[in-house]
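Colleague: Hi! Could you walk me through this model in plain words?
Modeller: Happy to, let's have a look together.

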Amino acid sequence: MNNLVLNSECLNNTLENKTPSLEEVLELYQSAKNNSLELFFAATTLREKNKGKIVTFSKKAFFNIINLCRDTCSYCTYKAEPGEEKVSLMSTQDVKNMLSLAKKYRCVEALFVTGERPEQKYQEAKEWLAKNGFSSTPEYLSHVSEIALEYGLFPHTNAGNLTFQEMRELKKTNVSMGLMLENVSDRLSEKDMPHHMAASKRPKARLEVLENSGKLGIPMTTGILVGIGETPQEIIESIFAIKKIHEKYGNIQEIILQNFQPKENTKMSNFPSASENYFKIIVALTRIVLPNMNIQIPPNLSPNSYQSFLSVGINDWGGISPLTPDYVNPEFSWPEITKIDQNSREAGFELKCRFPTYPEFFSFVSKELREKMSFIEDENGMVKEEYWR
């Protein structure tokens with residue numbers, strides 16, 4: 001099958017391990033708009049060559065630690081305002097209660113999510129931190145990460161733009177961390193654009209955090225939002241920006257490609273979601289640009305067709321919880337793990353449960369954390385079947 005000669009010289013070169021340029025990838029995008037078959041074939045071939053017929057996921061509990069946030073994005077319903085019913089301010093006891101439940105469900109990952117530095121904007125956030133004995137959200141995250149390890153879960157923190165020092169501290173207890181780049185275009189921060197009221201989403205600030213994660217050797221998950229008003233060139237430039245950091249530090253463990261879905265009561269509520277073909281082309285191009293990368297789409301955001309993305313180059317479903325909702329996209333519930341297993345199998349794939357860190361990034365994880373992981377780890381660095389099933 002791999003000996004098949006494609007019409008696209010660029011795709012043939014890519015299949016022979018040659019790296020395409022930004023200009024070539026832009027040309028591939030233009031060609032794929034008319035006919036995407038060759039692109040999808042090449043992306044699948046590269047995924048099979050580098051990742052085989054295994055598709056992974058992380059069995060997680062989503063800890064909505066604090067959803068007050070100093071930023072405002074035009075598409076977000078995660079952020080709460082003081083006094084709203086959906087405000088979440090998890091105390092240490094709340095965290096312990098959830099960890100206890102997560103352990104019963106045999107969850108592996110404790111996903112800790114917060115708004116962007118809420119204590120800088122809200123008195124309520126300052127008081128909540130003080131009541132728990134802390135002065136900053138990152139300090140509190142270090143504390144609850146330690147507790148998660150005691151319960152046998154492995155922390156993965158996604159708390160916006162953390163400083164070098166804060167990330168260094170969290171590395172002691174977190175086996176991986178996450179920050180969505182979203183897009184590298186400054187244009188999306190201009191007036192009437194989705195990131196205008198969100199200072200932390202400025203590309204320079206996000207890239208600096210990803211750069212720091214590389215300097216610190218943290219297995220890092222990042223990603224791009226697809227369909228928020230970007231141009232194809234801006235999204236391809238975003239993929240190349242991630243590639244550049246990964247080439248420098250080797251610590252980007254995964255790229256999430258998240259398709260925009262409009263939400264009620266937001267500025268972008270009438271903005272159309274990304275077309276499936278456009279989304280698939282972006283997924284396939286990401287595989288072409290980063291042939292060895294772990295690439296995931298969230299299955300809950302493509303509920304009727306997620307398994308079809310296995311044929312355009314993905315190899316991961318991200319974190320899926322049997323216990324907690326997706327607080328970022330609460331209107332899209334996660335499919336049941338048994339259903340994902342069945343759909344993956346029918347598409348010719350074997351579903352494996354991984355740690356928040358992928359096996360090829362274990363060398364970045366401290367000896368102490370690796371020892372804790374070893375209790376439920378199989379010979380391939382995945383979570384033991386008998387544990388997660």
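Modeller: Let's start with helix α8: the cover over its buried residues includes α7 (164–171), β5 and α9. Contact here means heavy atoms within 4.5 Å, and buried means under 20% relative accessible area, with exposed over 50% and partly exposed in between (1.4 Å probe, protein chains only). Helices (H or I, at least four residues) and strands (E, at least two) are DSSP runs, numbered from the N terminus.

Colleague: Before we go on, what kind of model is it?
Modeller: This is a predicted model, where local features need pLDDT of at least 70 and side-chain atom pairs count only at pLDDT 80 or more, while totals for chains, interfaces and linings use all residues. Residues are numbered from 1 along each chain as its sequence is written, and side-chain values use heavy atoms, with hydrogens and water left out.

Colleague: Thanks! Which residues of α8 are buried?
Modeller: They are Pro203, Arg206, Val209, Leu210, Asn212, Ser213, Gly214 and Leu216.

Colleague: And how far does α8 reach?
Modeller: α8 has 14 residues and reaches 20 Å from its first C-alpha to its last, close to the 20 Å expected at 1.5 Å a residue. The expected span is 1.5 Å times one less than the number of residues in the helix.

Colleague: What follows α8?
Modeller: Gly217 follows α8, and its phi is positive, near 65 degrees.

Colleague: You mentioned α9. How many residues does α9 have?
Modeller: α9 (residues 232–249) has 18 residues. From first C-alpha to last, α9 reaches 26 Å, close to the 26 Å expected at 1.5 Å a residue. Just after α9 comes Gly250, with a positive phi of about 70 degrees.

Colleague: What do the buried residues of α9 pack against?
Modeller: They pack against α2, α8 (203–216), β5 (220–226), β6 (252–259) and α10 (276–289). Among the buried residues of α9 are Glu234, Ile235, Phe240 and Lys243.

Colleague: Let's zoom out. How many helices and strands are there in the protein?
Modeller: The protein has 13 helices and 9 strands. Its radius of gyration is 20 Å, close to the 21 Å that the globule rule gives for 389 residues, so the protein is as compact as a globular protein of that length. The radius is taken over C-alpha atoms, and the globule rule is 2.2 Å times the number of residues to the power 0.38.

Colleague: What about its overall dimensions?
Modeller: The C-alpha trace spans about 65 × 50 × 40 Å along its principal axes. Of the 389 residues, 60% are buried.

Colleague: Now some single residues. Where is Lys51 found?
Modeller: Lys51 is in helix α3 (residues 37–51).

Colleague: Is Lys51 buried or exposed?
Modeller: Lys51 counts as buried because its relative accessible area is 18%. Its side chain makes a polar contact with the side chain of Asn294 (3.0 Å). A polar contact is a pair of N or O atoms within 3.5 Å; within protein, one must be able to donate a hydrogen and the other to accept it, and residues adjacent in sequence count only if both atoms are side-chain atoms. Leaving aside neighbours within four places in sequence, Lys51 also touches other residues, including Arg287 and Glu360.

Colleague: And Lys103?
Modeller: Lys103 sits in helix α4 (residues 92–104) and is partly exposed, at 34% relative accessibility. Lys103 and Lys60 are 43 residues apart in sequence, with their C-alpha atoms 10.0 Å apart in space.

Colleague: Where do Asn17 and Arg117 lie?
Modeller: Asn17 is in the loop between α1 (9–15) and α2 (22–34), and Arg117 is in the loop between β2 (109–114) and α5 (123–132). Asn17 is exposed at 59% relative accessibility, whereas Arg117 is buried at 13%. Phi is positive in Asn17, near 70 degrees, and in Arg117, about 35 degrees.

Colleague: Last one: how many disulfides are there?
Modeller: The count is 0 disulfides, a disulfide being a pair of cysteine sulfur atoms within 2.5 Å. For Cys107, the nearest cysteine sulfur is that of Cys353, 9.1 Å away. Cys107 is buried, at 0% relative accessibility.
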